[in-house]
Amino acid sequence: MARAEPLPITIRQLTKAFGTVHALDHVDLDVRRGEFLTLLGPSGSGKTTLLMILAGFARPDHGSVKFGDAEVVRLPPHKRDVGMVFQNYALFPHMDVAANVAFPLKLRRVPRAERDRRVEQALETVQLGGYGSRRVDQLSGGQRQRVALARAIVFEPRILLMDEPLSALDKQLRERMQIELRGLHERLGITTVYVTHDQREALTMSDRIAVISHGRVMQLDAPRRIYEQPANRFVAEFIGESTFIPVAVRDGAAFLGGRPLQAAQAPPGPGRCVLMVRPERLQLLGPAGEPGMNLIAGRVRDVVYQGDSFLVRVVLADGTEVGARGVASSRAMAAAPAPGAEVTLGLSPADTILLADAEA
Amino acid sequence: MAGTGAEMHGDDASRPNAAGLRRDAARERWALLGLASPAFVLVLVAMAIPVAWLFWLSFLADDGSLSLEHYRRLVEQPSYARIFRATFEVSLVTTAICALLGFPLAYVLSQLPVRAANLCMIAVMLPLWTSLLVRTYAWLVLLQRQGLVNKWAIELGLWQEPLKLVHNMTGTLIGMVHIMLPFMVLPVYGSMRAIDRDYLKAAANLGAGPVRAFWLVFVPLSMPGLAAGALIVFILCLGFYVTPAVLGGGTIILVANRIANDIELFFSWGAASALGVVLLVLTLAFLWLASRMLRLDQVLGGGHGR
């Protein structure tokens, strides 16, 4: 599809309070031209409020939102020309599929013949060619999802907003749609802002993720950096499984159990510090350990079988419990330590992430 | 019974407890039917039997022999056709006015916060809890030549001479619309409340301003309620008696008034029954037509598929 150039979004000092609670607290955010950016956060974090302000359904207390160079913060929703996919799809029940998709084109007075052509093209884009005459209530959840998507892109908006569009689908379909949406974004190249509370979804689909909590952007980064190098304890805790082990900091180096830790980055500032440990980054090593790794000694509490993987729960000298995950191949399972055994865990310096202890 | 047969052979090893489970299911069905039986008996005694009795009476001549005399008179005397036409006309006009007044009222209610809307709804429903006769006579008092409406209008200079507002079609329509309005507002309000706000957001997002979103999305989605309200009002109007009798002052004769006349003045149960049967048949025919056009299940449900 030949399309207009996608637009970047510039958000400055955006603030919205409900009573004394800040849904958005002086948010600055840049969405790049054509990128897929996900707003990820727990419920009540303000991510949906931000999306509603972008769509024009909510009015901020103050702040600026620009689509390209145009200030839109006071523009009513029907003049914003952004596509949106709603959580419950919001397909009009009194119209068939084609009429739903044609709705934005009719409002833009696109001539009949071109309208029909573009409706069919949009339906083909979401793999629903020939479904035009179906009634909305005859469609499955996944098909409704696609129709909503077709309706949101048919008028070639330069920005696409999605509000947890996959949350009503079952797990398998959701994972398939994630890949499809990702592919669609690559084909259309449309600037996309996607809201979800599902971290896996965010990691799968996004170019960049903005982790949001209490109305603030906690970290804005590519998925891999968000996961592997969280900027703070909130992000580390919210994304993935993790355990935090208190470490001592002396002369700009961190020590665990008296041994210095080699880390990718120096420990942050003065004050207490924690080591972030993710189960899949810990390796079970022989008693001799392995050169170049940070070594952590402990005693096995139990081994939990989880189908695709197994989790060895290890109690460290200071009483902290950490998990080490292994792929559950027969060989690895046979080599798994028995409860009570002394083990040495290895953590490569690249995976050794030191964070300021937020709870101190 | 099948259950006993299975029991006598004992439960097959491959179908343990089959007979017992089947018996439980049957018992549950009968218990449910038992719960419905009081209503069923009531409908039978209060509805089915009297209607059947009327039906039978309408085929009896005054001397007690079977005949189509009453129906023949209905066809032959032009006054009857006039009465039926008047009945349908009054019902249609009442329904139309109720729709014109009720739709905006229901819209305003549906946009209020739920608590405020409930309070207003009580105000709308209040007339339903007072006697029909009292309300009708109240209108008589208000609308007569020396009534409040004429007095105030003259004092305000709206018109000079007292208008004839009652004992005619005007008074009848005012009274009927007032009495029927809640039956219109209720289903329309219900279907408007059921409209998900996201539909209107979606319309706005796709480029529809408030006016176009209202006409293209909100109004079509509230149609099932409007159709339900119109159907209820129209059918109730067809059988109206008190209001035309009092506010029409004898000038508005509808089918129900004619039935009362036939019985009170002429003691002609046969003629009255024949009128009743024809009205019933016409009403059913109308309902059938409406169901063909409107998918009645949706209308009576008041909502819409999602």
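# Close-up views of a predicted two-chain model

**View 1. Six strands form an open sheet in chain A.** Their order is β6-β7-β8-β3-β9-β10, and the pairing is mixed. β6 (83–85) and β10 (216–221) of chain A stand at the edges with a single partner strand each, so one side of each has no neighbour in the sheet. From one strand to the next, the twist averages 15°. Strands are DSSP runs of E with at least two residues, helices are runs of H or I with at least four, and both are numbered from the N terminus. Two strands pair if DSSP finds at least two bridges between them. This is a predicted model: local features need pLDDT of at least 70, side-chain atom pairs count only at pLDDT 80 or more, and totals for chains, interfaces and linings use all residues. Residues are numbered from 1 along each chain as its sequence is written, while chains are lettered from A and ligands numbered from 1 in the order in which they are written.

**View 2. Strands β7 and β8 of chain A pair in the parallel sense.** β7 covers residues 159–163 and β8 covers residues 191–196. Five bridges join these strands. A:I159 has A:T191 in β8(A) as its bridge partner.

**View 3. A five-stranded open sheet in chain A has antiparallel pairing.** The strand order is β15-β19-β16-β17-β18. At the edges stand β15 (283–285) and β18 (321–327), each with a single partner strand, so one side of each is left without a neighbour in the sheet. Here the twist averages 50° from one strand to the next. Strand β17 (residues 309–316) pairs with β18(A) over seven bridges, in the antiparallel sense. A:V312 has A:A324 in β18(A) as its bridge partner.

**View 4. Helix α1 of chain A is mostly covered.** This helix spans residues 47–55, and nine of its nine residues are buried. Among them are A:K47, A:L50 and A:I53. A residue is buried if 20 or more other C-beta atoms, placed from the backbone, lie within 10 Å of its own. After α1(A) comes A:G56, with a positive phi near 95°. In chain A, buried residues make up 38% of the 360 residues.

**View 5. Helices α3 and α13 of chain B cross at roughly 65°.** α3 covers residues 69–76, and α13 covers residues 269–294. Their axes come within 9 Å. Axes are lines fitted to C-alpha atoms, for helices over the stretch in contact, and angles run from 0 to 180 degrees between N-to-C directions. From α3(B), the contact uses B:H70, B:Y71, B:R73 and B:L74. From α13(B), B:G270, B:A271, B:A274 and B:V278 take part. Residues are in contact if their C-beta atoms, placed from the backbone, lie within 7 Å. By class, this contact has five nonpolar, two polar and one charged residues. Ala, Val, Leu, Ile, Met, Phe, Trp, Tyr, Cys and Pro count as nonpolar, Asp, Glu, Lys and Arg as charged, and the others, Gly among them, as polar.

**View 6. Chain B meets chain A through 18 residues of chain B and 17 of chain A.** On the chain B side, α9 (197–205) and α10 (210–238) each supply at least two residues. The largest share, six residues, comes from α9(B). By class, the side of chain B that touches chain A has eight nonpolar, five polar and five charged residues.

Key. Two residues are in contact if their C-beta atoms, placed from the backbone, lie within 7 Å. A residue is buried if 20 or more other C-beta atoms lie within 10 Å of its own, exposed if 12 or fewer, and partly exposed in between; C-beta atoms are placed from the backbone.
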